Amino acid sequence: MNRTIKIPIGNIHFLKEQANRYAQVFNYIVSFGLDNNISNAVQLHHKTYYIFANKKDFLPSQLIISARSKAAETIRGWLSLKKKCDKQILKQQNLITKGKHIYRPLKPISRPITKGLLSVRYDARSFNIDFNKRIISFSSIKGRQKVQFNANPYYEQFYTGKVCSADLCWSRKNKIFFFHVVLEFSDPVLPEHSKILGVDLGLNNLAVSSDGKFYMKHSVRNHITKTRGLKSRLQSKGTPSSKRHLRALSKKEHQFRQDVNHCVTKKIVHQAKISGYDTIAIENLKGIRQQKRGLRKKFRARLNSWPFDQFRAFLTYKALAAGINLAVVDARYTSQKCSRCGHIYKPQRSGNNFHCISCGYQNHADLNASYNISKNLVASDPIKDTGQCMARTTHCGLPDQSAYCNSSAVTILQN
Ligand SMILES: [Zn+2]
């Protein structure tokens, strides 16, 4: 289980120059690798390392190596993405030659060249953190630096973890640098599935759990409908001002969704914990996308616009941290099946109502589905991927990060 903590270290003037140089090295190696068709990290190292290592005081050698490994990963990721994308484009071109109209033709993906600052990746040799003295020591273009950071009451619970890696990132919003430190914890011993909480995901209610709790009734749907209208009006305008508004809107929407996902998953895990459930079962998210086939276009668009994969990632790491299993369940027929007698018949569900024609059972359709999910538990392995601990706002119940960041009086101990 990994958790990431964000430690502000203020705005140290030469770190921007360092991030810039790091980006230069990264861009050069990416271009070199793509031009010469090399994605192997060792080969890239032999071909490019001395170009930068021979430049006096350009970048510490450990950071050149880290930029190279980052570039090698990027090249490999980009090549596989390009392969997929080229396939799709070919498919579209075939359709166009057959006379079909393509609403939004795909363009070839551009090279992964970064403009501006790149976050610098550190490892155990180039980075060290002392949680007791609250001192970070890291290598930089001005030699080894030692920086003291402020205590954060929320993150203190994670100080026992083993440091895996750290990224030095520039925050455009706060105008300071942050260290994103990844800490590793041993996985908690999870209990056997004995008391299972089924959770049905959807958009009428974002989540309905089998203990009868409804999360985010209507508000998500209303929000999506409202912003969709505004978005389409702005898109049809096409003026610079409308484009600016669109960018701001999409950022706001992203934050809204992330926030809702954080809050709801937190509530579900908390509820499961206090009610003594040892397993949370959710439907396989592929099911959600497949369900859309029979749905109206408007509803399909709404369904696609919600980040359910993010929801699952949040639920996974929160459940794991609370010592609760997370199991993924086959989603087929969960909404059409009677949770009492198991009779499957599509018209039994109409809107929010479920009425079994076999045994007469009646209930809210989403609640019935959540009962089915808890009964359907087939995959008994908890999902192993772990999410990240992110800085949250106050209304999730966590300390307000922005206040903490702005008050950071950071001191450089020595150069
Ligand atoms: Zn029935």
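**Figure 1. Helices α5 and α8 pack at an angle of about 40° in this predicted model.** Helix α5 covers residues 240–274 and helix α8 covers residues 308–321, and their axes sit 9 Å apart. Axes here are lines fitted to C-alpha atoms, for helices over the stretch in contact, with angles running from 0 to 180 degrees between N-to-C directions. Helices (H or I, at least four residues) and strands (E, at least two) are DSSP runs, numbered from the N terminus. α5 passes α8 in a right-handed crossing; that label applies if the near helix is turned clockwise from the far one by less than a right angle, and left-handed if anticlockwise. On the α5 side, look for Gln258, Asn261, His262, Thr265, Lys266, Ile268 and Val269, which meet Gln310, Phe311, Phe314, Leu315, Lys318 and Ala319 of α8. A contact means that the C-beta atoms of two residues, placed from the backbone, lie within 7 Å. Sorted by class, this contact of α5 with α8 has 6 nonpolar, 5 polar and 2 charged residues. For the sorting, Ala, Val, Leu, Ile, Met, Phe, Trp, Tyr, Cys and Pro are nonpolar, Asp, Glu, Lys and Arg are charged, and the others, Gly among them, are polar. On numbering and confidence: residues are counted from 1 along each chain as its sequence is written. Since the model is predicted, local features need pLDDT of at least 70 and side-chain atom pairs count only at pLDDT 80 or more, while totals for chains, interfaces and linings use all residues.

**Figure 2. Helices α1 and α3 cross at roughly 45°.** Here α1 (residues 13–35) and α3 (residues 61–97) have axes that come within 9 Å. That makes α1 oblique to α3 (under 35 degrees is roughly parallel, over 145 roughly antiparallel, 65 to 115 roughly perpendicular and the rest oblique). The crossing of α1 past α3 is right-handed. From α1 come Tyr22, Val25, Phe26, Ile29, Val30, Gly33 and Leu34, and they meet Leu63, Ile64, Ala67, Arg68, Lys70, Ala71, Thr74 and Ile75 of α3. The residues of this α1 and α3 contact split into 11 nonpolar, 2 polar and 2 charged.

**Figure 3. Phe58 sits in the loop between α2 (41–53) and α3.** Setting aside neighbours within four places in sequence, Phe58 is in contact with Arg21 and Phe52. Lys142 is 84 residues away along the chain, yet its C-alpha atom is separated from that of Phe58 by 9.7 Å.

**Figure 4. Strands β3, β4 and β5 are joined by antiparallel pairings.** β3 (residues 127–130) and β4 (residues 135–140) share 4 bridges, and strands count as paired if DSSP finds at least two bridges between them. Phe127 stands opposite Phe138 in β4. The hairpin of β3 and β4 has 4 residues between the strands, and Arg134 takes a positive phi near 55° there. Moving on, 6 bridges join β4 to β5 (residues 143–148), with 2 residues between the strands of this hairpin.

**Figure 5. An open sheet of 4 strands runs in the order β1-β7-β6-β2, with antiparallel pairing.** β1 (2–10) and β2 (120–122) are at the edges with a single partner strand each, so one side of each has no neighbour in the sheet. Neighbouring strands of this sheet are turned by 20° against each other on average, direction ignored. Between β1 and β7 (residues 176–184) there are 8 bridges, and Thr4 stands opposite Val182 in β7.

**Figure 6. Helix α9 lies across β13, β14 and β15.** These strands make an open sheet in the order β13-β14-β15, with antiparallel pairing. At the edges are β13 (349–350) and β15 (362–364), each pairing on one side only. 2 bridges join β13 to β14 (residues 353–355), and Ser350 stands opposite Asn353 in β14. Helix α9 (residues 365–376) runs at about 95° to β15.
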